[in-house]
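Have the sequence and the 3D view open as you read.

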Amino acid sequence: MKITFKKDFMLGVATAATQIDGGEVNSNWNQWYHLGKIKDGANPAIANDHYQRVRDDLKLMHDLGIQTYRFGVEWARLEPSPGQFDETVFAHYRQEIQMMLDYGIKPLLTLYHFSHPQWFEDQGGFLSAAAPAVFMRYIDQCLLHFADLVDEYITINEPNVYALEGYFFKEWPPGHHSTRECFKIMSILASLHIMTYQRIHDTIQDRPVRVSFAHHLRVFTPEKPRSLYQKHLTAIVQRAFQDALTQACFFGKFSLPLTNPLHLVRGIYVDFIAINYYTRTTISGLKDGTRANSDCNDLGWEIYPQGIVDVAQQLYALLPLDIYITENGTCDRQDTFRSRYIYEHLLALFQSELPIKRYYHWTFIDNFEWIEGENAPFGLVIGDFKHQVRTVKQSGRFYKQLIIDHGVSEETYRIYVEPQTYNRAAPR
Ligand code: BGC
C-alpha cells in the first residue's frame, strides 16, 4: 500500500447550502447576483438544484462510499422574515439528516457558511447591535430541530475569509472596504462562535457532542527568505489573517487586531481542530500571491501539500485535539490533477504523527463557487447546471476506491495518480 489509513479515520465530502441547494431564496448571495456581481453571471438560484434532488444526491454519496458528510442549512430559507421560521424547511433538512443516518453517513452540520437572509443584511448584518441576539435566535431554532439527530457541529465557516472578502476586498456582499469593519466582523464572528459553542453544549447534555469552527488556514512565506522586510510583513499578514483568530476562537483570547466585543471570558471553545486548507501564499511586499514556477490549480492557487501538515502542526501545538480536515480540494476544470492533489495531501497527512480523524473533500459536486459562479469546478461529480445530470468524474472513482481500500493501493496509485501532472505558475 502507498498509504494505509488509520483505523478510526473517515473520508467524507463537504458542501455548503448556498452553493448547491438552488432556489430563489432571499439571501445576501441571491441579492449579490441580482446586483450583477457574479463574474460569469451565474445565478445561485440554479446551483445544483440539490434542495429538490437531495434524495438522489445522498444515494450517489452512498454509492461512492462516503462515510461522513459536512453539509449546511440555509438560514435565509429557514427564517425568510425576521423571527418567522419555516417549519417545512426544517422538516426538509431533518429528512435529509435522517437519510444520511439511514445510509450510515455521519453528519457534520455547518450552521453558518457565508450566507444569511437579506433582511439581516439590510439591518447592517453582523455589524448591527441586534446581530448577536438575532443570530442566537437562529441557532436556537436549529438546535430545537436538529439537536436530537446531529452530534457534530461547525458553528461558523471561515470567519477570516468572510470578513476579508466582504469588508476589505469588496468582492463579496456587502462589498465594503474598511480595515476597521473587517476586523470588527472577525471579532464578532469569533464571539458568536464561542456563544454558539456554549449554547450547543448547554442544549445537548445527554450525550457527547463535538463542536468547532472551520478555520481557513494558509501557509504564508516570504518570497525571499533572507529579506527582513518580507519576513516581517509575512508575520504581520499571518497574524492578521489567521493567528489572532485562532487565539480568539480556541481560547477566547482577543488581541490586536481583534477586540472582544461581547466581553467573553477565556476558556477552551473547540472540541476538535477543524482546518480548511487549500494553498500557500507568497509575500513579496504589498503584492502577495502565487510563487513563481510553482505547481498551481486552474485559479492560479499554488498546490503545496506539505502546507496541510504545517498548519495542522501549528494548531496542534497550541491545543492537542483530534484534527478534522473540514475542507481540502482544488479547482481543476479537466479533472486532470485532482486525484494527484488528493493523494499528495493525504500522503503528507499520514506521514505525520498527527491524530487526523477526518478528511472532507471539497467538494462533492461542481457548484456555485461564490463570486466565480459556475466556472470554478472543485467537485468529484460534474456539475451540469443545465440538465442537472450527475456524472462521477475519474477523481470521484479514485475517491471511492480509497474508501473501499481504506488507503491507497499501488494499483490505484498507478491508474489514477501516476499519469497526472499539475499546471505550472507563470514566472513573476
Ligand atoms: C469555502 C468554500 C469554497 C472553497 C473554494 C472555502 O474557502 O469555505 O465555500 O467553495 O473555499 O473556494
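Let's begin at the ligand. An oxygen atom of the ligand is 3.1 Å from an N or O atom in the side chain of W362. Please keep in mind that you are looking at a predicted model. On its own the ligand has 310 Å² of accessible area, and the protein covers 94% of that.

| Residue | Distance from a side-chain N or O atom to a ligand oxygen |
|---|---|
| W362 | 3.1 Å |

Which residues come nearest to the ligand? Of the 13 residues around the ligand, they are Q19, E158, E327, E369 and W370. Sorted by class, the shell is made up of six nonpolar, four polar and three charged residues. As for the location, the ligand sits in the largest pocket.

Now step back to the whole chain. Its secondary structure comes to 14 helices and 15 strands. Along the principal axes, the C-alpha atoms fill a box of roughly 55 × 55 × 45 Å. Is the chain compact or extended, going by its radius of gyration? A compact globule of 428 residues would have a radius of gyration near 22 Å, and the chain has 20 Å, so the value agrees with a compact globule.

Finally, a few backbone details deserve a look. Most peptide bonds are trans, and most residues other than glycine have a negative phi. Against that background, the peptide bond from P173 to P174 is cis, with omega near 5 degrees. P174 belongs to the loop between α8 (159–167) and α9 (179–203). K170 is found in the loop between α8 and α9 as well, and its phi is positive, near 70 degrees, although K170 is not a glycine. Another cis peptide bond runs from L256 to P257, with omega near 5 degrees. To find P257, go to the loop between α10 (228–251) and β7 (273–283).

Key
Residues numbered from 1 in each chain as written. Predicted model: local features only at pLDDT ≥ 70, side-chain atom pairs only at ≥ 80, totals over all residues. Heavy atoms only, no water. Near = heavy atom within 4 Å. Polar contact = N/O pair within 3.5 Å; in protein donor to acceptor, adjacent residues only side chain to side chain. Areas by Shrake-Rupley, 256 points an atom, 1.4 Å probe, with all protein chains shown as cover. 1 Å grid on protein atoms, 1.4 Å probe; cavity = no way out; pocket = protein on both sides within 12 Å on 5 of 7 lines; lining within 4 Å. Sits in = over half its atoms within 2 Å of the grid points. Nonpolar A, V, L, I, M, F, W, Y, C, P; charged D, E, K, R; others polar. Helix = DSSP H or I, 4+ residues; strand = E, 2+ residues; numbered from the N terminus. Rg over C-alpha atoms; globule rule 2.2 N^0.38 Å.
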